[in-house]
Amino acid sequence: MSSTQSLIRFVREFYQSNEFIPLHAPHFNGNEKSYVLDTIDSTFVSSVGAYVDLFERQVAEFTNASSAIATVNGTAALYSALYVAGVRPNELVITQALTFVATCNVIAQLGAQPVFVDVERATLGMCPRALETFLDQHCHLKEGMCFHSSGSRIAAVVPMHTFGHPVQIHEINRVCARFGITVVEDAAESLGSFYKGQHTGTFSPFAALSFNGNKVITTGGGGMVLCESQEVGKRVKHITTTAKVAHAYEFYHDELAFNFRMPNINAALGCGQMEQLHAYLSAKRALALAYQAHFDGSELEFVCEPEHAQSNYWLNAVICADKHHRDEFLEMTNKAGVMTRPVWQLMHTLPMFKNAIRGPLDMSVWLAERIVNLPSSVPTVSEVK
Ligand SMILES: *Cc1c(COP(=O)(O)O)cnc(C)c1O
């Protein structure tokens, strides 16, 4: 039996299903329904309400972030984080070409431009050496700020924890400190992932989480900005609402703001999901370990959590021998109703970012031709509990 066929059988057995098996489906088997109904009964469905505050506290407690501010989606969270970090029009933001498009969209929405450096094989995330080489070769420090040879300021560096696997964040922080650059982690995929025991998204002054329908937990649509201090959190809350200065009846707004707050009805869903996060994470780890054992000795290389890291295994992945092998694998699994998909097309190949400044991207190109994501949903209710 071919390795593809045996994988199809393995996945069907694991999920005990002969139906279509999606890549990542949400589960609502806790208090989600009663909390959502509660927001309707109370009429507090919009962006002020007890569930928003509770959800923020739960996520802050879980991640050990000083402050957490809920937003309408992960894209809005990342936009807000970069805005508060000081990214402004015509500046540059360094990120990885191997990421989801939202990372780069927010940079461009702020009027800045993304710059791409390579990823490393062990983490699938930003390579600290590639970052340092790019900065050494093309950038210089002036009055404590970093400028590219084009004259534009490097306003931030955005590493992304791909599929929930933590990047080497200490190394990236060290390089950025050398060049006076603010780090903003795109932790959209890594709720429940730790690096050296510390939660991803808490290594930088600001970071973004996502609670989209396909993430580890969902609020329908939703995101969160993790902040290094209460003070930073207050500022993020200010610009994600209407920047209204507190007053009993006057409407005075002291700066531009974005109305990105998460509605209470979505936060209610989030509170129900947070109660199950630990169970989801252990179920996802069990699935990853089962995949790892399944692929042991196979021609397909299963992507394991990096050294010093504990991954949430949001999306499991294998690395195929080459592009031809990958295409065959995608074709056969999808035809058999077991959903798999290639990794995102590299950002510099998309029309919006084709002229972006970039360093060598050899590992990104190599991985993009070989990575396939595998079904990664938490199995059925009864198995979780
Ligand atoms: C999901 C995701 C986002 C955006 O989150 P949304 O909630 O969908 O807006 C941003 N970056 C990465 C890497 C993501 O995977």
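A pocket, found on a 1 Å grid over the protein atoms alone, is an open set of points with protein on both sides within 12 Å along at least five of seven lines. A molecule sits in a pocket if more than half of its atoms lie within 2 Å of its grid points.

## The model and its ligand site

This structure is a predicted model, in which local features need pLDDT of at least 70, side-chain atom pairs count only at pLDDT 80 or more, and totals for chains, interfaces and linings use all residues. Residues are numbered from 1 along each chain as its sequence is written, and side-chain values use heavy atoms, with hydrogens and water left out.

The largest pocket is the space taken by the ligand. Around the ligand stand 15 residues, of which G74, T75, E189, S210 and K215 come nearest; a residue is near the ligand if one of its heavy atoms lies within 4 Å of it. This shell divides into 4 nonpolar, 8 polar and 3 charged residues, where Asp, Glu, Lys and Arg count as charged, Ala, Val, Leu, Ile, Met, Phe, Trp, Tyr, Cys and Pro as nonpolar, and the others, Gly among them, as polar. Helices α4 (74-84) and α5 (101-109) each supply at least two residues of the shell; helices (H or I, at least four residues) and strands (E, at least two) are DSSP runs, numbered from the N terminus.

A polar contact is a pair of N or O atoms within 3.5 Å. An N or O atom in the side chain of T75 is 2.5 Å from an oxygen atom of the ligand, and one in the side chain of S210 is 2.7 Å from a ligand oxygen atom. For D186, a side-chain N or O atom is 2.9 Å from a nitrogen atom of the ligand. On its own the ligand has 380 Å² of accessible area, and the protein covers 92% of this, by the Shrake-Rupley method with a 1.4 Å probe.

## Strands and their pairing

Two strands pair if DSSP finds at least two bridges between them. Strand β8 (residues 194-195) is joined to β9 by 2 bridges, and Y195 has Q198 of β9 as its bridge partner.

Strands β4 (residues 139-142) and β5 (residues 145-148) pair in the antiparallel sense over 4 bridges. They form a hairpin with 2 residues between them, and E143 in the turn has a positive phi of about 50 degrees. The bridge partner of K142 in β5 is M145.

Key. A polar contact is a pair of N or O atoms within 3.5 Å; within protein, one must be able to donate a hydrogen and the other to accept it, and residues adjacent in sequence count only if both atoms are side-chain atoms. On a 1 Å grid over the protein atoms alone, a cavity is a set of points where a 1.4 Å probe fits but cannot get out, and a pocket is an open set with protein on both sides within 12 Å along at least five of seven lines; lining residues have an atom within 4 Å of a point.
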